[in-house]
Amino acid sequence: MSRINSARVLLALLLITFIAAPLFAEDDDSRFELKFGKDVPLRGGRVSIDHAFGDLDLRTHNSSDVQVRATIRSSDEEIGKQIHITAIQEGTGVSIRTHIPEVRNRRGRLSYSVDMTVTVPVNAAVVAKNRFGNTDARGLAATVIENKQGAILLQHGRGSQTLSNSFGAIEVTENRGDVVLTNSNGSVTVRKIEGALDVTNRFGSINVSDVRGNATLNNSNGQIDVVDVGGMLKVTNGFGGIRVSSVGASASISTTNARVELVNVNGNATVENSFGSVNASGIKGNLQIEGSNSTVDADDVTGSVRVDTGFGGVNLKNIGKGADVKSSNGNIKVSDLGGSFSADARFGSVRADRVRGTATVESSNGSVTLNEIASGAKVRASFGSVFIANVGLGTVDVSNSNGAISVSGVRDCRMISLKTNFSPIKLALADGGYTVSARTTFGQVKSDFPITTTSISEGSLNGTIGRGGCKVDLTNSNGNITIEKER
């Protein structure tokens, strides 16, 4: 039985109806009680229910009629006798309606309620409205339920289900068919859906698990948790965190001011965030992340990764293919990439370890460290040191404006070009043949190798190491140049 409190609902009633609505209090409404029962044959069409001020239970049976059972209670006998229920056969099916009298200018305390149970044929379509009361539906086929003030519970449904609520929770468990849910001010919980799911909410959490089909979730102000979606997943949120685990196809995530956690996606994944961190792992396809003010952590991605963020660091590891990272204000760190690496950083350091492709880095105000790069490295830096070690086949090309350059672990012949202005250059070479051109304006050129010079002047040296061959071009404006033996 549901009782309605005057202080809680009077304002809502006035806004909805614009009339002087009845007052409802918490005192006992059982002074008057009336039982209602009626069976109506369903000869086709649907069952339509318009109910108010009480709980509504919907059930099924293996009969062809619609059974209506209700209990009317009121603290005032006169008002209680004015409440009545109609259940009739119409051209579109069976229509059931609760009629509540208008109570004007009444002094004192008054309460009343109508609790109703409607049992319909097992395959009957149902359209139900309830105002100020809970709705509990079990075993129904195609159903449309609209609630205003109260919870909705749907269990063991079959076919397409469409539920909407204004102030109250929605819970759906086990439905063999698609489900569409709309809520404004209450939580949404969904479990075991053999079909597609579409949820829209404003102020309340969304909790979803075990959906066989695609899922689309939209929220404005509440946490979203998703586990086990068999198809594609699309999630949009405003002010609330998002946690996603186990998606059978692709995943698309968008939020504005909250943390995003994404785990085990069997396809591509895209994430958009403004003010909140992003954490992704176990992505079988490609991963794309865009964030205005977001730190990013990604691990175990089979495909490639693309990250574009404004104020936040980026940490990537165990990436099957390449990675393209842009960060305006944050450090970038990557390791164990199966392809090439590209980075664009303004205020933050860049570090890459164990990259199977090439490494291309642009850095404005931070250091750059590259280690174990398989296929060459190209770095453009402004204010920060550049450290490169153990580069495989490919060119090593570094241009720095105001920072030191250190390159080591060069064991195979390739072109090396190092340029800076106000810091030293240090290059470690293994035994072999090199053709060297080294120039500095205010500094010295030093070499651990004997160099057969072809030309030499103050701050400039051109010659060969060993038999010559591999081109080495070193340019500095205000700093020393040192060529060391690799140890």
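A: A salt bridge here means a side-chain nitrogen of Lys or Arg within 4 Å of a carboxyl oxygen of Asp or Glu. Side chains of opposite charge can pair when their charged atoms come close. This is a predicted model, so local features need pLDDT of at least 70, side-chain atom pairs count only at pLDDT 80 or more, and totals for chains, interfaces and linings use all residues. Numbering runs from 1 along each chain as its sequence is written, and side-chain values use heavy atoms, without hydrogens or water.

The count of salt bridges comes to 19. One of them joins Asp50 and Arg97, with the closest N and O atoms 2.8 Å apart. This pair links distant parts of the chain. Asp50 sits in strand 2 (residues 46–52), Arg97 in strand 6 (residues 93–99), and 47 residues separate them. Strands are DSSP runs of E, at least two residues long, numbered from the N terminus. The two partners can also be placed by burial. Buried means under 20% relative accessible area, exposed over 50%, and partly exposed in between (1.4 Å probe, protein chains only). Asp50 is buried, because its relative accessible area is 18%. Arg97 has 37%, so Arg97 counts as partly exposed.

Next, Asp336 and Arg354. Their salt bridge has its closest N and O atoms 2.7 Å apart. This pair too links distant parts of the chain: Asp336 is in strand 31 (residues 332–337), Arg354 in strand 33 (residues 350–355), 18 residues apart. Asp336 is partly exposed, because its relative accessible area is 29%. Arg354 is partly exposed at 36%. The backbone of Asp336 deserves a look as well. Phi of Asp336 is near 60°, a positive value in a residue other than glycine.

Arg380 is partly exposed, with a relative accessible area of 30%. Asp397 has 19% relative accessibility, so Asp397 counts as buried.

Salt bridges also form a network. Glu33, Lys35, Arg73 and Asp115 are linked in this way.

Now the charges in a patch. Glu174, Glu194, Asp210 and Asp228 gather in a patch of negative charge on the surface. The residues of a patch have over 30% relative accessible area and no salt bridge; like charges are joined within 9 Å, nonpolar side chains (Val, Leu, Ile, Met, Phe, Trp, Tyr) within 5 Å. Lys and Arg count as positive, Asp and Glu as negative, with His and chain ends left out. The charge is placed at NZ of Lys, CZ of Arg, CG of Asp or CD of Glu. Areas come from the Shrake-Rupley method with a 1.4 Å probe.

Glu194 lies in the loop between strand 15 (188–193) and strand 16 (197–200). Glu194 is partly exposed, because its relative accessible area is 42%. Glu174 is found in strand 13 (residues 170–176). Glu174 is partly exposed at 32%. Phi of Glu174 is near 65°, positive in a residue other than glycine.

From Glu174, step to Gln161. Their C-alpha atoms are separated by 11 Å, and the residues are 13 apart along the chain. Gln161 is found in strand 12 (residues 161–164). At 0% relative accessibility, Gln161 counts as buried. Contact means heavy atoms within 4.5 Å. Not counting residues up to four places away in sequence, Gln161 touches Leu140, Ala141, Ala142, Thr143, Leu154, Asn175, Asp178, Val179 and Val180.

Thr369 is in strand 35 (residues 368–373). Thr369 is buried, because its relative accessibility is 18%. Beyond four places in sequence, Thr369 touches Val350, Arg351, Ala352 and Phe387. Thr482 is found in strand 47 (residues 481–485). Thr482 is buried too, with a relative accessible area of 19%. Leaving aside neighbours within four places in sequence, Thr482 is in contact with Ile425, Lys426, Leu427 and Lys446.

Conventions. Helices (H or I, at least four residues) and strands (E, at least two) are DSSP runs, numbered from the N terminus.
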